[in-house]
Amino acid sequence: MNTLHPLTALIVDDEPDLAWALQQNLRLDGWQVAIAHTGNAAIAHVSATPPCIAFVDAKLPDMDGLDVIRRIGELRPEVRVVLISGYYYAEDAEVREAQGKGLIVHFIAKPLDLREVSALARQAADNPRVAR
Amino acid sequence: MGQPTNPMAITSNEIESQYPNLATVLLDGIPSSVLILDRGLRVTLANRNFLEKARRTTDNTLGRRLEEVFPAAILSSTQLDRRARAVFQDGQPLEGGKMTYRAPGVLQRVYFYSLTPLRDNSGVVGVLLMMHDITEQERLTQDVRRIERHLASVVESANDLVVSMGAEGRIMTWNQAAERVSGFARGEVIGRDLAELCVEGERDQMRTLLSAVSRGESGVIHELSLRTRPGKLIPVAWACSPMWDEQGRIAALVAVGRDLTERRLLEAQLFQSAKMASLGVMAGGIAHQLRNPLGAASAAAQLLLREPDNRELGRECAQKIYEGIKRASAVIESLLRFARPDGGAFNAIQVNDVIGDTVAMLRHQANLSQVQVETELGANLPTISGNPSALQQAFTNLFLNACQAMPTGGRLTIRSRLTETADCVAVDFVDTGCGIPKENLPQVFDPFFTTRPVGKGVGLGLTIAYSILQQHGGSIQVHSAVGQGSTFTVLVPIHTADHATGGKG
């Protein structure tokens with residue numbers, strides 16, 4: 001039994017400036033933060049070094065964000081995933097389905113509230129999931 | 001006489017002795033009426049033709065006075081008696097003129113008559129009245145005049161401008177439509193060059209066109225604007241052709257022009273509606289495209305508020321905020337430019353610039369449906385004559401159409417190149433989508449043809465693109481295979497000095 005590194009996060013967004021701001025924000029909270037701009041890069045990163053929490057954008061240049069999340073769920077179900085999107089709304093069927101299946105722990109709409117991001121990250125750090 | 005005499009020739013003195021009945025044969029054989037009058041204007045001879053035409057006999061004609069033989073009305077209108085007396089007096093022949101004569105029981109006939117003095121040694125002893133029946137010629141002449149009047153009224157009442165010119169290009173006729181559209185009356189333009197009435201920049205094109213026609217080429221429709229009397233510009237589609245005479249020489253040039261004002265107006269309205277419709281299709285992509293830079297700026301601003309004292313981070317945040325706002329402004333700018341109605345002016349433009357603008361505006365739209373957009377732009381392409389805004393509309397419609405063919409993602413390749421014949425610039429839109437079934441191919445450019453569900457498109461996108469390309473003298477071709485994708489190829493003729501946009505009439 002090994003726990004995930006407690007304060008590691010992954011930001012998956014093809015918008016570099018937004019990813020940068022999220023990274024800076026979480027670093028100020030004491031996190032180690034990696035960035036992936038594509039779905040494939042995110043999947044590769046998760047399988048090599050699974051983070052405690054991943055923030056995944058719904059629309060990525062190479063893949064649908066929800067497909068990336070499904071893949072992460074298969075590879076590393078212990079990773080907490082937060083869906084971020086400027087495209088979906090919280091009440092959309094796709095979002096509710098992903099939440100119902102436990103694929104995502106939360107959904108945040110863009111533009112993001114950084115305090116909400118910090119709070120979600122802190123919750124994850126306080127209750128780390130155990131890897132199988 | 002010094003002249004050599006032909007043994008076969010006979011003198012007029014010998015005629016009577018050799019051919020005693022010649023005069024009678026001649027008189028009765030010729031298809032004209034002949035009378036001979038004496039000094040008292042009595043008929044001394046009437047040929048068979050006269051007696052038949054006038055329904056008379058020798059008994060009631062020979063020895064009778066002129067007024068007994070001709071109705072009083074004819075004598076008073078022709079003054080035949082007075083003229084016959086004048087011929088007796090002067091000894092000069094008289095080409096009389098027309099005479100309308102109606103004998104009892106026959107249709108009215110028209111004659112051309114002449115009076116010729118007959119002499120003996122003492123002087124004029126008789127007057128020969130010859131009457132040629134010209135009823136048929138008269139009828140034909142009247143028919144010709146009627147047809148001429150008919151044709152003239154066709155030309156005059158035509159809604160198109162009809163201008164005829166001499167082979168050297170000077171205006172000879174100018175119909176009512178030409179007067180109405182141009183504001184110039186017939187009298188003001190007769191003898192002038194049609195080119196002088198064109199707008200300043202297009203006069204040479206009209207001269208080139210007319211000189212080609214005067215060499216016997218009758219060609220495509222050319223769109224050249226007229227400068228009206230009040231100074232307005234009127235777009236006109238001209239079809240010019242030579243008029244040949246019976247010897248196969250060019251006798252005149254004819255230019256038929258259609259006023260395109262109304263049509264341009266309708267097209268502009270249609271393009272504008274189509275733009276608005278495609279903005280609706282793009283709305284999702286546009287929102288996303290705006291939200292991304294705004295989201296980045298918003299996050300950077302929050303970071304700046306969180307760490308007011310961190311100057312290093314603060315400077316970086318301010319930079320990101322500024323970049324985000326700039327990017328959002330650029331999106332709005334390109335949208336406004338796209339949505340704005342334009343004057344439809346044609347310029348020499350680079351097709352690659354139009355592709356660039358189109359892709360910049362739509363790349364996000366494509367990304368939303370996982371469509372990768374690749375461009376392969378040909379280097380050093382010649383310019384084309386085009387309206388950038390209209391062409392961008394056409395490219396936008398082809399782009400969106402390609403995306404809609406790939407609902408689950410794919411690749412759209414936009415390639416620009418010079419055609420093998422080097423007279424056109426080609427732009428290929430190659431998608432890896434669902435393809436178009438063979439039976440649908442002939443209809444893809446038809447208005448309101450769509451395979452999308454109700455509410456997802458009205459089926460005007462490709463129609464509009466086609467019509468825009470037609471306006472540019474170009475075309476769109478489509479190749480497709482179900483399951484493999486489609487290629488739409490836009491062809492636009494390259495810009496030349498004597499460029500003409502064909503096919504607009």
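Tutor: Two strands pair if DSSP finds at least two bridges between them. Helices (H or I, at least four residues) and strands (E, at least two) are DSSP runs, numbered from the N terminus. This is a predicted model, in which local features need pLDDT of at least 70 and side-chain atom pairs count only at pLDDT 80 or more, while totals for chains, interfaces and linings use all residues. Residues are numbered from 1 along each chain as its sequence is written, and chains are lettered from A and ligands numbered from 1 in the order in which they are written.

Student: How many bridges join S16(B) to strand S17 of chain B?

Tutor: Strands of a sheet pair through backbone hydrogen bonds, either parallel or antiparallel. Here S16(B) and S17(B) (residues 485–493) run antiparallel and are joined by 7 bridges. Within this pair, Val478(B) stands opposite Phe488(B).

Student: In what order do the strands of the open sheet in chain B lie?

Tutor: The sheet has 5 strands in the order S12-S14-S15-S17-S16, with mixed pairing. S12 (371–377) and S16 (475–481) of chain B are the edge strands, each pairing on one side only. From one strand to the next, the twist averages 15°.

Student: Which strands does H14(B) touch as it packs on the sheet?

Tutor: Two residues are in contact if their C-beta atoms, placed from the backbone, lie within 7 Å. H14(B) touches S12, S14 (410–418), S15 (424–431) and S17 of chain B, and its direction makes about 25° with that of S15(B). Axes are lines fitted to C-alpha atoms, for helices over the stretch in contact, and angles run from 0 to 180 degrees between N-to-C directions. H15(B) also packs on the sheet, touching S16 and S17 of chain B.

Student: At what angle do the axes of H14 and H15 of chain B cross?

Tutor: Two packed helices are described by the angle between their axes and the distance between the axes. The axes of H14(B) (residues 388–404) and H15(B) (residues 461–471) come within 9 Å and cross at roughly 145°.

Student: Why does Arg306(B) count as partly exposed?

Tutor: A residue is buried if 20 or more other C-beta atoms lie within 10 Å of its own, exposed if 12 or fewer, and partly exposed in between. Arg306(B) counts as partly exposed because it has 16 C-beta neighbours inside 10 Å. Arg306(B) belongs to helix H11 (residues 261–306) of chain B. Leaving aside neighbours within four places in sequence, Arg306(B) is in contact with Leu28(A) and Leu114(A).

Student: What is the mean pLDDT of chain B?

Tutor: The pLDDT is the predictor's confidence in each residue, from 0 to 100. Its mean for chain B is 85, and 93% of the residues of chain B reach 70 or more.
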